[in-house]
Amino acid sequence: MKKEQSSTMSWAISIYQHLKHRISKKFLLIFSLTGLTAGGIVWACADYGYDYEYSSFTPEAFVSKEYTPFFYAEYISYYGETYPFVTNNTRFNNVNIDDWYTYFKKKIDKKSLGYLLTKASYESIDSVYDNLKGKIAVLPAQMPQLKSLKLDSKKANAFFDYLLLAKSAEAFSTADDSYYWDLKAPEAPSIKLEKPMMASFKNAKDPFIKQRLWFQMVRYYYFLEKGNADVSTQTSKTLSIFNSYKDTFPKNMMYYRTLGYVAGWYYKKEDYAQSNYLNSLCYNYSWETKIPAEWSFRPQEEGDWNKTLDLAKSTAEKVTLWHLLGIHYDPQRAIQEIIKLDPKSEKLDLLLARVVNKTEYFLGSIYHTEPDSAAKESLKQNTALVSGIALKNNTGKPYFWNMAAGYFKVMNHDYAAARSFYNTAKKQLPKGDKLILAQYKILDWTLYVNELKKIDAKVESQIIEPLNWFSDLKTGKDSVPSLRFYKALNESIDKISELYKKQGDFVKANAFKSYDNFYTDNSKIEQMKALLQKEQKTPFEQAMLRYYPFNMSDLYYHQALVLTYQDKIDEAIMMMEKSDSQGFLMPANPFNIKINDCHDCDHAKKQSKDIYSFDLLKTIQSMKAEIKQGKNVYNNALLLGNVFYNITFYGNARSFYMAKTMQAEGSTPFELPSAFRSMLLSNKVSEKYYLEAANAAKTKEQKAKCVFMASKCERNESYNRIYNKPENANAGYWNVDIEPVFFGKYFSTLKSQYNDTQFYKEALKECGYFKRYDDKY
């Protein structure tokens, strides 16, 4: 049925209440990781979210698909949750539709059934029913095909009678889940509904219909009684109607959905042992029932937990109970208990995967870069637990335990022990399982790289195949669904790069992991270019260069930029021509400048002509040539001062330096890579041209303008002394103190020599710094 709330808090309690309970309950017994052999129940908030960046261990390789929602995930309730979420209102829709489809012997299409069962209002259903009975000719637009249906009249009548009754029940059984953070509680059930519902149930002859009416009755009484403290197990109609017919119907999905409400009833009466036991039966039935049953499974203390265990009628039921306890509360204790009961149980697989993935996360995720003492202690305890079990090799998947034990040993840097576990696992691996074999390969590779002390020709020959394999995965040339390989790949590439650095082979180090400082040394760039241009590359070089992010064009472009900031324009143009790139479009005219820098103003102004990096260089080259010839020196030098100012961080044309090799995007100086910061902040070349323009100026107004522009360069250089300090290489904009207001020599020159110019007056109006200087001196 649409919005059939069959599983909120024991399939009937709201999400909000559940969360509130889980995070606020005062626990009576707390289990400690310092003692893995005894203790009470460990409690923790449910996990939220998932992130592959912290993990090299893929649970999908070992754990049955039906347990997927319970894989470890840090920031969402259930692993793999995506929008739109499956809710308790929609969870059983497909099963329900399939059941009715079979009931009608496939004579009504699923789309029509889906509309009637999950979307149609009471009024729409009534109209369809009247149409089938010949009372009206109009049908809902969604169901024109019903006109040609030939349904068994008894089945059709029973179906629509039931459906109308079920739709009436939605008013009290359904929470509005349109906004899951603000659930609206359903209204209380009407007492007037009891008689027609009971009459329908008693009169029903068809077992299929009768079981569904039984479900409706149990649910109705659950909602009727849940707020009544006077109702007891002896007087409860919920329990009475359930127990009277529980052996009449098959133990199918409808049975366990009904049982979920009985579990909810016991929970409301604080009989947690019975509630949790019944929820475990629901959990064990099918994958559809697992999430609501686990969500509702909530032991309170050791006493009620022991009572729950006493209710179990078989070893398998006890295993399920411990398995549920282990999912979010105490996996270590649960693992030990299940091992005693059934070491080959598949329910161990999920708990082991959760222990591994959770340990990974707290040891070194992007949010936990340095493990704390608790994480280290947890690793120690989990290593002992898993290793001890793995050594017995008596579980259902011994290769899983040996791989996990080896991985824990790697996390402990005990590589010899890890190799022993991996060697044992290798002999046990199932043949032909691509995901498991890939998982083993990742773990084996990680261990191999961790053991490396140096890289020589022998090692290079050994790592060609795995390097190509990882690259194929990363580029999509090969695919192993669900495999988590990025962490292992990134960490191993980091290690290989660092080893090459220690050995002094900076080109290979940079090929594996490109780093900024490499590109500050032109000789190293030339070596990199030589490698890229090498005609007969070795198999290792070919594999290695698959990790290098740049090509020849990128390197030529980088060299062109560096030469530009060195004012070596002819050489820069040669390099940019070899790069086969026009560069970036300038967002504003880089030859223009104002008294105050206002990039937004400059960018907002529509340009008469697009200017790209290469155009800019060619224009600079032409201006320099004229200056060399003594032509129009003032204007050319002034414009060159402007352009060299604007292609720095302080100017309106930052796009000029947005090369792939620099990754120099950002709105503060501290977002510039420290290796290139000095170059991109420097206004020395600009200042040089402003002074040259001043020397060539014909009027005081022109000289005043040039001196003021030089003062902007001078001020920026005072900031650069702070930005370029080694201790500020990784600092942030807001935690670095700028020196007191810097005035400098050019303000003094302006005031002493050009205070009678019109430009002087304009600068006083527009530049607050200059106004403060003028007022002070």
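Me: Is Gln663 buried or exposed in this predicted model?
Reply: The model is predicted. A residue counts as exposed when its relative accessible area is over 50%. For Gln663 the relative accessible area is 56%, so Gln663 is exposed.

Me: Where does Gln663 lie?
Reply: Gln663 has a positive phi, near 50°, and is a residue other than glycine. Its place in the chain is the loop between α31 (633-646) and α32 (674-681).

Me: What is the relative accessible area of Asp580?
Reply: Asp580 also has a positive phi, about 55°, although it is not a glycine. It sits in the loop between α28 (569-578) and α29 (599-604). Asp580 is exposed, and its relative accessible area is 72%.

Me: How many helices and how many strands are in the chain?
Reply: The chain has 777 residues, and 54% of them are buried. Of the contacts with a separation of 6 or more, 69% are between residues 24 or more positions apart. The count for the chain is 37 helices and zero strands.

Me: Why is helix α16 described as largely enclosed by the rest of the structure?
Reply: Helix α16 covers residues 347-364 and has 18 residues. From first C-alpha to last it reaches 27 Å, close to the 26 Å expected at 1.5 Å a residue. It is largely enclosed because the number of its 18 residues that are buried is 15.

Me: Which helices do the buried residues of α22 pack against?
Reply: Helix α22 has twelve residues (464-475) and reaches 16 Å from its first C-alpha to its last, close to the 16 Å expected. Its buried residues are Ile464, Pro466, Leu467, Trp469, Phe470, Ser471, Asp472 and Leu473. They pack against α20 (434-451), α21 (457-462), α23 (486-502), α24 (506-512) and α26 (539-545).

Me: Which residue just after α22 takes a positive phi?
Reply: The phi in question is about 85°. The residue that takes it, just after α22, is Gly476.

Me: Is α6 roughly parallel or antiparallel to α8?
Reply: The axes of α6 (residues 153-173) and α8 (residues 207-225) come within 11 Å and cross at roughly 20°. Angles under 35 degrees count as roughly parallel. Therefore α6 is roughly parallel to α8.

Me: How do the residues of the contact of α6 with α8 divide by class?
Reply: The crossing of these two helices, α6 and α8, is left-handed. On the α6 side the contact includes Phe159, Tyr162 and Leu165, and on the α8 side it includes Leu213, Arg219 and Phe223. The residues divide into eleven nonpolar, two polar and two charged.

Me: Is α25 roughly parallel or antiparallel to α27?
Reply: Helix α25 (residues 522-533) packs with helix α27 (residues 552-565) at an angle of about 160°, and their axes are 10 Å apart. Angles over 145 degrees count as roughly antiparallel. So the arrangement of α25 and α27 is roughly antiparallel.

Me: How many nonpolar, polar and charged residues does the contact of α25 with α27 have?
Reply: The crossing of α25 and α27 is left-handed. Among the residues in contact are Ile525, Met528 and Lys529 of α25, with Leu555, Tyr556 and His558 of α27. By class, the contact of α25 with α27 has six nonpolar, four polar and two charged residues.

How values were computed
Residues numbered from 1 in each chain as written. Predicted model: local features only at pLDDT ≥ 70, side-chain atom pairs only at ≥ 80, totals over all residues. Heavy atoms only, no water. Axes fitted to C-alpha atoms, helices over the stretch in contact; angles between N-to-C directions. Helix = DSSP H or I, 4+ residues; strand = E, 2+ residues; numbered from the N terminus. Parallel < 35°, antiparallel > 145°, perpendicular 65-115°, else oblique. Left-handed = near helix turned anticlockwise from the far one by under 90°. Contact = heavy atoms within 4.5 Å. Nonpolar A, V, L, I, M, F, W, Y, C, P; charged D, E, K, R; others polar. Expected span 1.5 Å × (residues − 1). Buried < 20%, exposed > 50% of the residue type's maximum accessible area, 1.4 Å probe, protein only.
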